[in-house]
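Please read it alongside the structure below.

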Amino acid sequence: MRYFVAFLGAFLIVLACSDNPETPGGTLPVVQNCRILFESCRGDTVVIAWDSLDVEVDNYRVWFADTDPGNWSVVATTPATVTEDIALSTGYYCVDAVRGDDESSDQSDKADNIAIVFGGEGDTLSFETQCGLAFGDSAIVFGDPSDPGFAQDVVLTDRLGGGFTAFSGDFDPGIYPGGSASLLAPVEGKVAPHPDSSAWVEELDLAGSPHSAFVRLDSGYYAYFLVSTLTDTTYQFLTAQLHAWPGIRLFNWLTL
């Protein structure tokens, strides 16, 4: 579980993981090779590891911030060289060592699990010919889901009573062939729901404006998108995220 250092917490947050190289530290060596073990991460659980120091230490402290620079806090204290963090978002991790009142002279290098962000360019898109969304490795592609050659993950439509609705890519193969068996969920926080959650549905009403949803791709990856309606026939793509590792349900800041 996450926790803040109780006594002198504010001072330690400033001291640890500071972006100011003139901030004084202790005399213990700097911890090396802080890294995220992505193959071991699952859902909202992040696995962090680092190399052991050659000197005696009481514990290692693992620090987290959701941005860099950011407000850092201790999420784990352990004598081991690997630990887990049940996270509320993606972010940055670093480590230092503690022995008595002494600590590392500086923090370790930083490791992060920031999701891939696809930014919108303000283009006006058509519900008629560009209402299909497909998540690629380096871009989100828009196309006509009625085209058998376009493999959409999500279909957007305003046809149901004038509302704005998102559908799974394969919800109606007769009209929209070639789509994937994705599922959608409403956005609450920066963690997509557990794969077994009833929040995942094939049809999601995108209430409010702008409109956003989590996407559980049939490939095992998780994504997020944010769009805005312009007229009854057009919409605007604002931003999207895709986590580069399957099974990880954590995302970055979900605001513009």
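Is C131 buried or exposed? C131 is buried, with a relative accessibility of 4%. The model described here is predicted.

**Cysteines**
- No disulfides turn up in a search of the whole structure.
- The cysteine sulfur closest to that of C34 belongs to C94 and lies 6.7 Å away, which is too far for a bond, because a disulfide needs the sulfur atoms within 2.5 Å.
- C34 is buried, at 5% relative accessible area.

**Sheet**
- An open sheet is built from five strands in the order β12-β11-β13-β14-β16, with antiparallel pairing.
- Its edges are β12 (140–143) and β16 (203–205), each of which pairs on one side only.
- From one strand to the next, the twist averages 25°.
- Strand β14 (residues 165–168) runs antiparallel to β16 and is joined to β16 by three bridges.
- Within β16, E203 stands opposite F167.

**Aromatic pairs**
- The whole structure holds 13 aromatic pairs.
- F164 and Y235 form a tilted pair, with ring centres 6.5 Å apart and planes at 45°.
- F164 sits in the loop between β13 (154–157) and β14, and Y235 in strand β19 (residues 234–242), so their pair ties together parts 71 residues apart in sequence.
- Together with F127, F164 and Y235 make up one aromatic cluster.
- The pair of F171 and Y176 is also tilted, at 5.7 Å centre to centre and 35° between the planes.
- F171 is partly exposed at 23% relative accessibility, whereas Y176 is buried at 12%.

**Charge over a ring**
- K190 lies over the face of W253, 3.4 Å from the ring centre.

Methods: Residues are numbered from 1 along each chain as its sequence is written. This is a predicted model: local features need pLDDT of at least 70, side-chain atom pairs count only at pLDDT 80 or more; totals for chains, interfaces and linings use all residues. Side-chain values use heavy atoms; hydrogens and water are left out. Buried means under 20% relative accessible area, exposed over 50%, partly exposed in between (1.4 Å probe, protein chains only). Two strands pair if DSSP finds at least two bridges between them. Helices (H or I, at least four residues) and strands (E, at least two) are DSSP runs, numbered from the N terminus. Axes are lines fitted to C-alpha atoms, for helices over the stretch in contact, and angles run from 0 to 180 degrees between N-to-C directions. Rings of Phe, Tyr and Trp (its six-membered ring) pair if their centres lie within 6.5 Å; planes under 30 degrees apart count as stacked, over 60 as edge-to-face and the rest as tilted. A charge sits over a ring if NZ of Lys or CZ of Arg is within 6 Å of the ring centre and within 35 degrees of the ring normal.
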